[in-house]
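Please open the structure in your viewer and keep the selection tool at hand.

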Amino acid sequence: MKIPFEFVTTIHKDVTDRLMQINPSLAKEARKVLDVNKQERHIRGGMATKEKYQHMHHE
């Protein structure tokens with residue numbers, strides 16, 4: 001299932017901006033998670049591509 005870009009942007013804005021106004025300590029924790037996710041996303045993308053081609057090879 002592909003999530004619409006607008007929805008992802010809204011979630012990111014909620015977590016980064018709006019949450020800071022509501023609960024700053026929770027916003028800081030969420031920011032840490034988002035930063036780790038951002039650092040690792042290229043690895044996940046590479047793994048997904050590798051898996052895709054392995055499945056194609058086995059068929």
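Begin by selecting lysine 32 and glutamate 29, which form a salt bridge in this predicted model. The closest N and O atoms of the two are 3.3 Å apart. Both residues belong to helix H2, which covers residues 24-58. Within helix H2, lysine 32 and glutamate 29 are three residues apart, or about one turn of the helix.

Next, select aspartate 35 and arginine 31. Their side chains also meet in a salt bridge, with an N to O distance of 3.1 Å. How many residues apart are aspartate 35 and arginine 31 in helix H2? They are four residues apart, so about one helical turn separates them. Aspartate 35 counts as partly exposed at 33% relative accessibility, and arginine 31 is likewise partly exposed, with a relative accessible area of 32%.

In general, side chains of opposite charge can pair when their charged atoms come close. With a cut-off of 4 Å between a side-chain nitrogen of Lys or Arg and a carboxyl oxygen of Asp or Glu, the count for this model comes to two salt bridges.

Now select the whole protein and display the secondary structure. There are two helices and zero strands. Finally, switch to a surface view. The protein exposes about 5,700 Å², of which carbon and sulfur atoms supply 61%. Of the 59 residues in the protein, 5% are buried.

Notes: Residues numbered from 1 in each chain as written. Predicted model: local features only at pLDDT ≥ 70, side-chain atom pairs only at ≥ 80, totals over all residues. Heavy atoms only, no water. Buried < 20%, exposed > 50% of the residue type's maximum accessible area, 1.4 Å probe, protein only. Areas by Shrake-Rupley, 256 points an atom, 1.4 Å probe, with all protein chains shown as cover.
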